[in-house]
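User: Could you walk me through reading the domains and the sheet in this one?

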Amino acid sequence: MNKFTCCVCQKKIYELVSNFYSPIIAKKKFEIVICKSCGHLSVYPKPSLQEYNRINKYWYTIKFSITPPSSDPTSKFDRWEQMWERFDLKNTKINTVLDIGSGQGWGLEFLKKKKGRLKLYAIEQYKKNWPYLENMGCHFFDINIDEPNWSQNINVKFDFIILRHTLEHLRNPNICLQEISKVLSLTGLVYIVVPDSLGINQKRISTSYFRPVHLNYFNKVNFLRICYNNNLFFKLINTSSTNLKNSEIYGFFRKKTQSDKLEFDNTYLKQVGYIKKKIRVNYIDDLKIIIQIKIKSFKIIYNFLKFLKSVLVKNPK
Ligand SMILES: [Zn+2]
């Protein structure tokens, strides 16, 4: 097993906070740990690349079969209107835009509507979205942003880059932020949004808030810090829970310069106290689901044994 290294402060001392379970991937127990030097929450041990690919594939197949991605034309721009209100994008000079994990490209479509002539680019791995992007006249890259040196395949500098609810999914968030800073133009701006690990309003923590497809849980200080460590300096950072189940952190970043200096507090005590209280208060709700998961896995094993017995009875040695 790889040794623990915190992706925010690179230190190695951690404490187990909680196990977590998912009704979707029932057979596995995951562990959330907290770094004692900075208070960052993450999944440890991290699943291997192969295992994580499997988890993601399974997770989104099930998730989209229950709730397909919305195509409601009245609400498809809501999150982008929100972005527009959060910063003075109207007066920001933008020629080239890159949306990372663009989906069908609604963010790009929205910006084009607001700003007029723009060169649109997207990084999107889900092939079913490619025709939509092509239709919009958008250039797209089939790149895995969780792998090193992906910026080498891109010879454009971007004035505006979007990374919305993606960083928390990555096995290597530092690599991705580092590569983003490389393709950002000198005066460019990056918009990054992540869930807020100090702004949880939902009830179930260890069977719903913590989920197998999120490997990192940022609070505001540690989000700022990981961006800072990767040459991105904030112009604006804030949290918001408007129209959301849980609060999210959003930031607009530019390239860091030599004179940008920041010190960061250790959020360990605050974060560990907060998350343990949330888990404690909602324990019964989680427990009900954990029992259901256990029964489900027991049934799977029971049926398998029954099947095995039937085969053996039919084919005795
Ligand atoms: Zn740390």
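Analyst: The chain splits into domain 1 (14-67 + 275-314) and domain 2 (78-268), with bounds taken from an automatic or database domain assignment. Keep in mind that this is a predicted model: local features need pLDDT of at least 70, side-chain atom pairs count only at pLDDT 80 or more, and totals for chains, interfaces and linings use all residues. Residues are numbered from 1 along each chain as its sequence is written.

User: How many residues of domain 1 are in contact with domain 2?

Analyst: A contact means C-beta atoms, placed from the backbone, within 7 Å. Here 31 residues of domain 1 touch 20 residues of domain 2. Helix H1 (49-66) is among the contributing elements, and H1 gives the largest share of the domain 1 side, five residues. Helices (H or I, at least four residues) and strands (E, at least two) are DSSP runs, numbered from the N terminus.

User: And the sheet, what is the strand order?

Analyst: In general, strands of a sheet pair through backbone hydrogen bonds, either parallel or antiparallel. Pairing here requires at least two DSSP bridges between two strands. This open sheet of seven strands runs E6-E5-E4-E7-E8-E11-E10, with mixed pairing. Strands E6 (139-141) and E10 (232-240) are at the edges, each with a single partner strand, so one side of each lacks a neighbour in the sheet.

User: In what sense do E8 and E11 pair?

Analyst: Antiparallel, over six bridges between E8 (residues 184-195) and E11 (residues 248-255). For instance, Pro-195 has Glu-248 in E11 as its bridge partner.

Technical notes:
Contact = placed C-beta atoms within 7 Å.
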